[in-house]
Structure formats: C-alpha cells, structure tokens
Amino acid sequence: MQAHAGEVPEYLARLEETHAELVPLADDVAEFRATLRGDLHTHSDWSDGGSPIREMAEAAIGLGHEYMALTDHSPRLTVANGLTAERLERQLDVVAELNEELRPFRLLTGIECDIHLDGTLDQTDELLGRLDVVVASVHSDLRAESAAMTERMLAAVANPHTDVLGHCTGRLLVPREQREGRRQRPRPESAFDAEAVFSACVEHGTAVEINSRPERLDPPLRLLALAVELGCSFAIDTDAHAPGQLDWQGNGCERAVETGVDPDRVVNTWSADELLEWTAG
Ligand SMILES: [Zn+2]
Ligand SMILES: [Zn+2]
C-alpha cells in the first residue's frame, strides 16, 4: 500500500538504513557503468544463445554500446552447440557483413573458448589468432583438485591468444533452467590458487572477467578484492544469452565499485581501437 501510494515502504527504508554500509551508492554504480563502452562476452543462437547475432547487436546499440564481442562457444562444448572451425569461419563472414550495415557500431569477432584439462584451448591456433577477443573459460571437471585446476588455468592465462579469463570459479549461486527441462543445480567455486592465477593474469596481460550474470557473479567479492590488490585488469561482461541480458552490466559494476576497481583498469571502458590494440598485443 505504501509503495502504491508512491512512498518508499517503511520496511524497505529500514533495511536500506540498516545495511547502508554494505550497499554501494547507486550513483557511484551508475557513474561507473557509464564509463563502459561495450561488452566482451555474449552468445547468439549460433551456440546456446536464444537470438540471432543481429538482434544481439541491435540491443547493444540500443544500450549505447560502441562495440560488442560475439563470443559463441568452442567445439568441445557440444551441449552448447559449440562452433566447429568451419562454422566459426562462416560466422566471421556473417559478422563482416553485419559490420558493413551497423557502422559506426563495431561487432567484434570472438570466442568463449573451453580450456582443456591440459590448459590448451579448444580451437585452432590459426583461428584464435584471427579473432578480436578470446575469452577462455573452464566448463568441465570443475571439481578437480586445486593443484590440477591451477596448472590448467595458468596455462590458459599464459596463452598469447587469451585476452580474458571467463567466470574464474565456475560457481552457480542458484539453480538454473536449461533446454529440454533440464535443471542445473547450484555449485560451489572451483578450488585453485587464486593468487598464482591472478598474478599470471597481470604478468601475461590477461584481464579477469567480472561476470555479471546473476547466478554467477563471478569472481566472489573476496577473490575480486584479491585481484584488485594484485593489480589485475578487468572486463565487466554480461555473458548474455539473450538481448535483454545485455543490460546486466550494472551487477558487475556494483561489485567493481564495492571492491575499488579503477575504471581505467577495465578494458571495456577503452575505445574499440585501444581495446583491439591491447588484444592484438
Ligand atoms: Zn562460460
Ligand atoms: Zn558464456
């Protein structure tokens, strides 16, 4: 009744006051978010996203983004209809055509590449070298023991093709629905030596992703704070699988503000040219 009358409900006002210290100022978050110029982790219906590439790009344009990297899954992730080398080649042609139409918006080529058990990446070297943005993520054997997971991640982070380390702990905070009525249960963080992995990210110029999906919010705040302390760069991404999800960057910005991330260290606050110079390096 209070909300309907246009008032802030007493109960909510009390909660906000009690927890004011824990909640970053919305203005700060909005200001941070305004510095983002694009998104480096998105999916289309070529892999497990729900929408055509064009619809994703148009939604990004609607949000005011200057660029968006299309990062559909790699071949090994068959459950997500990962792209073979041949399909990725074809996608590059489609992206090139769309770029002609959508200028000055830039649709960047990319991949969310599986990290194999031995730390190698799940796509040919030649193709990885041609893509604008490579997000490397662990999607299998998430319960491996810490030493093995650390080695695996260190190898991927050191790979010269890798630009961004995707959702580093793999945690799922809430269950999620999948196709054909399958339901994925929540899962804890993978175990790995975060200090070693984040230090390697600094050494090799790999950005740590701040994944904005509400069921991921990865890395957890304590690891994000550690990455900040070690001097990492970041990419605040949505990992959107539908156009509306491109609007989730506020989640990541909230966590960036909370842990004192400097916007200059967030690679998707850079212009497309600066970004591409960095990913090519
Ligand atoms: Zn992923
Ligand atoms: Zn993804």
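What spacing along the chain do the donors of the zinc ion (ligand 1) follow? The spacing is E-x26-H-x27-H. The model is predicted, so local features need pLDDT of at least 70 and side-chain atom pairs count only at pLDDT 80 or more, while totals for chains, interfaces and linings use all residues. Residues are numbered from 1 along each chain as its sequence is written, chains are lettered from A and ligands numbered from 1 in the order in which they are written, and side-chain values use heavy atoms, with hydrogens and water left out.

The zinc ion (ligand 1) has three protein donors: Glu112 (OE), His139 (NE2) and His167 (NE2). They lie 2.1 to 2.2 Å from the ion. Donors are N, O and S atoms within 2.8 Å of the metal (3.2 Å for Na, K and Ca); water is not among the atoms, so sites may look incomplete. A zinc ion (ligand 2) lies 3.5 Å from the zinc ion (ligand 1), and Glu112 coordinates both. Glu112 belongs to strand β3 (residues 106-114), whereas His139 sits in the loop between β4 (133-137) and α6 (146-158), so the pair ties together parts that are 27 residues apart in sequence. Helices (H or I, at least four residues) and strands (E, at least two) are DSSP runs, numbered from the N terminus. Glu112 is buried, at 1% relative accessibility. Buried means under 20% relative accessible area, exposed over 50%, and partly exposed in between (1.4 Å probe, protein chains only).

The largest pocket holds about 750 Å³. Its lining comprises 30 residues, with Asp48, Ala80, Arg176, Gln178 and Gln184 nearest the centre. Six of the lining residues are nonpolar, eleven polar and 13 charged. One cavity of 30 Å³ or more is found in the whole structure. The largest cavity has a volume of about 50 Å³. Its lining includes the zinc donor His167, along with Met149, Met153 and Cys168. That lining has six nonpolar, six polar and no charged residues. On a 1 Å grid over the protein atoms alone, a cavity is a set of points where a 1.4 Å probe fits but cannot get out; a pocket is an open set with protein on both sides within 12 Å along at least five of seven lines, and lining residues have an atom within 4 Å of a point. Grid points are joined across faces, edges and corners, and a volume is the space filled by probe spheres set on the points. Ala, Val, Leu, Ile, Met, Phe, Trp, Tyr, Cys and Pro count as nonpolar, Asp, Glu, Lys and Arg as charged, and the others, Gly among them, as polar.

Helix α9 has several buried residues, including Gln249, Gly252 and Cys253. Their cover includes α2 (26-34), β8 (207-211) and α8 (221-230). Arg255 is also in α9 and is buried, with a relative accessible area of 11%. Beyond four places in sequence, Arg255 is in contact (heavy atoms within 4.5 Å) with Arg171, Leu217, Pro219, Pro220, Leu221 and Leu224. Its side chain reaches the backbone oxygen of Pro219 at 3.2 Å. Just after α9, Gly260 takes a positive phi of about 75°.

Thr269 lies in the loop between α9 (249-258) and α10 (272-280). Thr269 is buried, at 12% relative accessibility. A polar atom of its side chain lies 3.0 Å from the backbone oxygen of Pro263. The corresponding distance to the backbone oxygen of Val266 is 2.8 Å.

Terms used. Polar contact = N/O pair within 3.5 Å; in protein donor to acceptor, adjacent residues only side chain to side chain.
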